[in-house]
Amino acid sequence: MKYLIIFFSAFLVIACKKDKETIIDSPKTDSTAFVKDSAKTDVQSANIAVDTFPFPKEIKECSCYFAKNKADFENEKYIYADDAGKTAYMMLDGKRLAMNLISSSDMEVDEELTKEIENENYKISVKGKKIKHEEALLFEGTLTIEKPDGSKTSMPIYGECGC
């Protein structure tokens, strides 16, 4: 038993012994120098053609429709329209698309409008703020279109929602 204790103690002493660290001279750097992160933080601007179109005939009642600015809105040059519930219409990359609305905020609850639309080629987000309270509510905001490859494009919008 005595030999077992001596052997175990010797083993612990050898196992706990630290190796000598080797110090490698590294080039001295200024502590105020910034290191550029390799992560990419800027968003690629997508070349998505957003064309205007007349008000969709499929929309019969309540709707939201937006143009790029007030002048285009007054000239009925819309870039987005939806039937306030199910389907959104846009002209993207030369194709007229009817897409399903995934979510839409209740405009009576707050002063902001949000809509999410998605299909296999595009993810569209509409965010706006009420600017005028009448029978139809006027909004200004931003429309963002994202492709599956991560490229995005955003543009200002002006339009209204109402029945």
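Reader: With which residue does the side chain of Lys147 meet in a salt bridge?

Author: This is a predicted model, in which local features need pLDDT of at least 70 and side-chain atom pairs count only at pLDDT 80 or more, while totals for chains, interfaces and linings use all residues. Residues are numbered from 1 along each chain as its sequence is written, and side-chain values use heavy atoms, with hydrogens and water left out. A salt bridge is a side-chain nitrogen of Lys or Arg within 4 Å of a carboxyl oxygen of Asp or Glu, and for Lys147, at 3.9 Å from N to O, the partner is Asp93.

Reader: How many residues apart in sequence are the parts that Lys147 and Asp93 tie together?

Author: Helices (H or I, at least four residues) and strands (E, at least two) are DSSP runs, numbered from the N terminus. Lys147 lies in the loop between β8 (137-146) and β9 (152-162), whereas Asp93 lies in the loop between β4 (87-92) and β5 (95-104). The pair therefore ties together parts whose separation in sequence is 54 residues.

Reader: Is Asp93 buried or exposed, or something in between, and what is its relative accessible area?

Author: Buried means under 20% relative accessible area and exposed over 50%, with partly exposed in between (1.4 Å probe, protein chains only). Lys147 is partly exposed at 24%. Asp93 is partly exposed too, because its relative accessible area is 29%.

Reader: How many salt bridges are there by this rule?

Author: Side chains of opposite charge can pair when their charged atoms come close. Among the salt bridges is the one between Glu112 and Lys129, whose closest N and O atoms are 3.3 Å apart. Glu112 lies in strand β6 and Lys129 in strand β7 (residues 123-132), so parts 17 residues apart in sequence are tied together. By this rule the count of salt bridges is 4.

Reader: What is the relative accessibility of Lys129?

Author: Glu112, its salt-bridge partner, is partly exposed, with a relative accessible area of 39%. Lys129 also counts as partly exposed, because its relative accessibility is 44%.

Reader: Which residue forms a salt bridge with Asp82?

Author: The closest N and O atoms of this salt bridge are 3.2 Å apart, and the partner of Asp82 is Lys115. The pair links distant parts of the chain, 33 residues apart, with Asp82 in strand β3 (residues 80-82) and Lys115 in strand β6 (residues 112-118). Asp82 is buried, with a relative accessible area of 0%.

Reader: Why is the disulfide of Cys62 and Cys163 right-handed?

Author: Cys62 and Cys163 form a disulfide with their sulfur atoms 1.8 Å apart. The disulfide is right-handed because the torsion about its S-S bond is about 100°.

Reader: Which pairing results when the bonded cysteines of the protein chain are numbered in sequence order?

Author: Cys64 is buried, and so is Cys161. Cys62, by contrast, counts as partly exposed at 27% relative accessibility, while Cys163 is exposed at 69%. With the bonded cysteines numbered in sequence order, the pairing is 1-4, 2-3.

Reader: How many aromatic pairs are counted?

Author: Rings of Phe, Tyr and Trp (its six-membered ring) pair if their centres lie within 6.5 Å; planes under 30 degrees apart count as stacked, over 60 as edge-to-face and the rest as tilted. By this rule the count of aromatic pairs is 7.

Reader: What is the angle between the planes of Phe66 and Tyr80?

Author: Phe66 and Tyr80 are both buried. Their rings, 5.7 Å centre to centre, form a tilted aromatic pair, and the angle between the planes is 35°.

Reader: Which residues form one aromatic cluster?

Author: Phe73 is buried, and so is Tyr158. The cluster of aromatic residues that includes these two is formed by Phe55, Tyr65, Phe73, Tyr78 and Tyr158.

Notes: Disulfide = S-S within 2.5 Å.
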